[in-house]
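Please work through the exercises below with the sequence and the structure open beside you, and try each task before reading its solution.

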Amino acid sequence: MKKINISGIALVICIFVFLPGNGQRPMDAGFTKLFNGKNLDGWVGNKESYRAQDGMIIVDPNGGGSGGNLFTADEYSDFNFRFEFQLTPGANNGLGIHAPLEGDAAYVGKELQILDNTAEKYAELQPYQYHGSVYGIIPAKKGFLKPVGEWNEQEVIVRGSSIKINLNGTTIVDSDFLEASKNGTMDKKEHPGLERNKGHIGFLGHGDVVRFRNIRIKDLTKK
């Protein structure tokens, strides 16, 4: 009998299972999955507009309301949050952090923009309104989104009042909430959520189809 190269077979299996594009990837060390790929257990909020399908959370404005918010059931303070997202043309969503379950997360918490920067209707937005920006507070660098319809990878690292956002391997925000707003916010509005250091993480829908997958977190408050 011919000797079978088990290690070679294992390598082939690993390559197949984690091929880019099938939505699967190895779990990052120290991270916990926030989405099981099957249902919205562990999430609270609008479960009519958001649904689990084919390993993704899909925002479907036809499901009920205009998208609304879907939050983690648990609250987080310092964390590393990683996820992938797929935009549709002109899509607008947001990532709420340190947010309570009630109120506008952009003000009572913080909102990180999720946006199709290339859409003509967004050509004249304020700098703090484009993708990755901390809404009203910190503008993000532009030009690092993949073409609409492709999957993007994003990482959000929060420690105290500092925030770092990496998009497809490039840092687009590296700042401090309180330092950036010490002389007033960019949008000239009150943002009491800047003082919050704990809350829910959530997707903030605006009536557009957006898909999310591989949602995971590392709690940086744990030793």
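**Exercise 1: Two partners in a salt bridge**

Arg51 is partly exposed, with a relative accessible area of 31%. The coordinates come from a predicted model, and this should be kept in mind in each of the exercises.

Task: Find which residue forms a salt bridge with Arg51, and decide whether Asp60 is buried or exposed.

Solution: Begin with the contact itself, in which Arg51 is paired with Asp60, and the closest N and O atoms are 2.7 Å apart. Next, take the relative accessible area of Asp60, which is 19%. Because buried means under 20%, Asp60 counts as buried, whereas Arg51, at 31%, is partly exposed.

**Exercise 2: Bridges across the sequence**

Task: Locate the secondary-structure elements that hold Arg213 and Glu84, then work out which parts of the chain Arg216 and Asp28 tie together.

Solution: Start with Arg213 and Glu84, which form a salt bridge whose closest N and O atoms are 2.9 Å apart. Arg213 belongs to strand E13 and Glu84 to strand E6, so that distant parts of the chain, 129 residues apart, are linked by this pair. Both Arg213 and Glu84 are buried. Then turn to Arg216, whose salt bridge with Asp28 has its closest N and O atoms 2.5 Å apart. Since Arg216 lies in strand E13 and Asp28 in the loop between helix H1 (6-17) and strand E1 (32-33), the pair ties together parts that are 188 residues apart in sequence. Arg216 counts as buried at 6% relative accessibility, and Asp28 counts as buried at 16%. In total, the structure holds 6 salt bridges.

**Exercise 3: The largest nonpolar core**

Task: Identify which residues touch the most other members of the largest nonpolar core, and which strand gives the most to this core.

Solution: The core has 38 residues, and those touching the most other members are Ile57, Phe81, Leu95, Ile163, Phe203, Phe212 and Ile215. Strand E6 (residues 79-87) gives the most to this core, with 5 residues.

Definitions and conventions. Residues are numbered from 1 along each chain as its sequence is written. This is a predicted model: local features need pLDDT of at least 70, side-chain atom pairs count only at pLDDT 80 or more; totals for chains, interfaces and linings use all residues. Side-chain values use heavy atoms; hydrogens and water are left out. A nonpolar core is a set of buried Ala, Val, Leu, Ile, Met, Phe, Trp, Tyr and Cys residues joined through side-chain atoms within 4.5 Å. Buried means under 20% relative accessible area, exposed over 50%, partly exposed in between (1.4 Å probe, protein chains only). Helices (H or I, at least four residues) and strands (E, at least two) are DSSP runs, numbered from the N terminus. A salt bridge is a side-chain nitrogen of Lys or Arg within 4 Å of a carboxyl oxygen of Asp or Glu.
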